[in-house]
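Reader: I have a model open and would like to walk through it. Can you take my questions as they come?

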Amino acid sequence: MTVQLAPVGGVSLACYGTAMTSRAPARSDGVEQRRAPVMRDVARLAGVSHQTVSRVLNGHASVSDAARERVELAIAQLGYRRNVSARALITKRTMTLGVISVSAQQYGPASTLFGISQAARRAGYFLSVAVLDTMDRTSMREAIDHLMAAAVDGVVVIAPVAAAVEAVATVPSTVPLVMVEARDGEQSVAGIDQVGGARTATRHLLDLGHRTVVHVRGPLDWFEADARARGWLAELTAARAPVPEILVGDWSARSGYQAGRRILEQPDVTAVFVANDQMALGVLRAFDEAGRSVPGDISVVGFDDLPESELFHPPLTTIRQDFAEVGRRCIAEIVARIEGTTPPSGGLIIPELVVRDSTAPLA
């Protein structure tokens, strides 16, 4: 188990307008002192109320995107920093959140962790992060004990696998805790509509005239892989399309390549929905080696929208997930639980279809 304790990473923000300087009265020796900006300075520069600034800092959802952007720009321009020590003395809190995540090598958990770190910074919290190679009961218990010894105010668990949910059941109920990416019906927050995203991907291919869609799914013990497979099946069933055999990968490009080689054994396949972009990269490589044109012979859709996906050959049509919104909702939820307030309401986050050159109408 690797454990890291560090301030949350910063976020680059563009600034514009005239900077507002916060100054204290001159000293008796004539030297002017510069005072640290306070919340009312941020509110004045952003043109919003003190309460709006507070809501943005605490990650509440009840702030318009425009107001949130103005506040964040004002914070960056003024160099505003919350007085964490003073707040901790008043609230009896450490202003530190614990985060437990499975190996950050996978794009989804890594991007979720980054989104949480951005939102935590805006809310004035530090993060103590435990990244686990495996999410079994022993590792989870050790991570929880470590974080509680560090006196964190609450714990966020990025729980994409069944073992994580089972391990969380051992956490004392007195610890404010939320789970992200958990199974349907669990105490998950800020979930992305994985089923809906998969249905959108499958529907896109059917609408292009393809008779059916082959699916390359992720590992059997990952909730997101299961949800995307269910969405694919639901859309095929609704369209009364044939249901091909599912191929199982492990999220890696190599497993996608192996799946692509198996798909090539079925010459009538014209459309493939792959459960993540990394496996889609392997599928594209297998097709290219065999001289099968994408999208001329076979259309391919991925899931995640990796930063590199637009540079694939051809650029990959995929489903984009809003990890920044996941982080914001997650922090708003854990802060509400810590403070004993009502968390902001919000349903599943709807992913977006990004159409590029790897899909085309059936010839």
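Author: Fine. This is a predicted model. One place to begin is proline 314, which is found in the loop between strand 11 and strand 12 (318-320).

Reader: What is the peptide bond from histidine 313 to proline 314, cis or trans?

Author: That bond is cis, and its omega is near -5°. A cis peptide bond also joins valine 294 and proline 295, with omega about 10°. Proline 295 sits in the loop between helix 11 (277-289) and strand 11 (299-301).

Reader: Then which residue other than glycine has a positive phi?

Author: Alanine 151 is one of them, with phi near 60°. Arginine 240 also has a positive phi, about 55°, although it is not a glycine.

Reader: Where are alanine 151 and arginine 240?

Author: Alanine 151 is in the loop between helix 6 (137-149) and strand 6 (154-158). Arginine 240 is in the loop between helix 9 and strand 9.

Reader: Is arginine 240 buried or exposed?

Author: Arginine 240 counts as exposed because its relative accessibility is 80%, and the cut-off for exposed is over 50%. Alanine 151 is at 36%, so it counts as partly exposed.

Reader: Changing topic. How many helices and strands are in the protein chain?

Author: The protein chain has 12 helices and 13 strands. It has 363 residues, and buried residues make up 51% of them.

Reader: Let's look at helix 12. How many residues does it have?

Author: Helix 12 covers residues 323-339, which is 17 residues. From first C-alpha to last it reaches 24 Å, close to the 24 Å expected at 1.5 Å a residue. The helix is mostly covered, with 13 of its 17 residues buried.

Reader: What happens at the start of helix 12?

Author: A side-chain oxygen of aspartate 322 reaches to within 3.4 Å of the backbone nitrogen of alanine 324. Just after the helix, glycine 340 takes a positive phi of about 70°.

Reader: How many aromatic pairs does the structure hold?

Author: The structure holds 3 aromatic pairs. One of them is tyrosine 107 with phenylalanine 323, an edge-to-face pair at 5.8 Å centre to centre with 85° between the planes. Tyrosine 107 lies in helix 5 (residues 107-122) and phenylalanine 323 in helix 12, so this pair ties together parts that are 216 residues apart in sequence.

Reader: Is phenylalanine 323 buried or exposed?

Author: Phenylalanine 323 is buried, at a relative accessible area of 9%. Another pair is tryptophan 222 with tryptophan 251: the ring centres are 5.7 Å apart and the planes are at 80°, so it is edge-to-face.

Reader: Where do tryptophan 222 and tryptophan 251 lie?

Author: Tryptophan 222 lies in the loop between strand 8 (214-217) and helix 9 (223-238), and tryptophan 251 in the loop between strand 9 (247-248) and helix 10 (253-263). The pair therefore ties together parts that are 29 residues apart in sequence. Tryptophan 222 and tryptophan 251 are both buried.

Reader: Which ring does the charged end of arginine 228 sit over?

Author: The charged end of arginine 228 sits over the ring of phenylalanine 303, 3.9 Å from the ring centre. The side chain of arginine 228 also makes a polar contact with the side chain of glutamine 194, at 2.8 Å.

Reader: What else does glutamine 194 touch?

Author: Not counting residues up to four places away in sequence, glutamine 194 touches Glu224, Ala227, Arg228, Phe303 and Gln321. Glutamine 194 lies in helix 8 (residues 194-207). Its relative accessible area is 8%, so glutamine 194 is buried.

Reader: Last one. Where is serine 101?

Author: Serine 101 is in strand 4 (residues 96-102). Serine 101 is buried, with a relative accessible area of 1%. Leaving aside neighbours within four places in sequence, serine 101 is in contact with Pro109, Ala130, Val131, Leu132, Met135 and Ile158.

Terms used: Residues numbered from 1 in each chain as written. Heavy atoms only, no water. Helix = DSSP H or I, 4+ residues; strand = E, 2+ residues; numbered from the N terminus. Expected span 1.5 Å × (residues − 1). Buried < 20%, exposed > 50% of the residue type's maximum accessible area, 1.4 Å probe, protein only. Polar contact = N/O pair within 3.5 Å; in protein donor to acceptor, adjacent residues only side chain to side chain. Phe/Tyr/Trp six-rings, centres within 6.5 Å; stacked < 30°, edge-to-face > 60°. Lys NZ or Arg CZ within 6 Å of the ring centre and 35° of its normal. Contact = heavy atoms within 4.5 Å.
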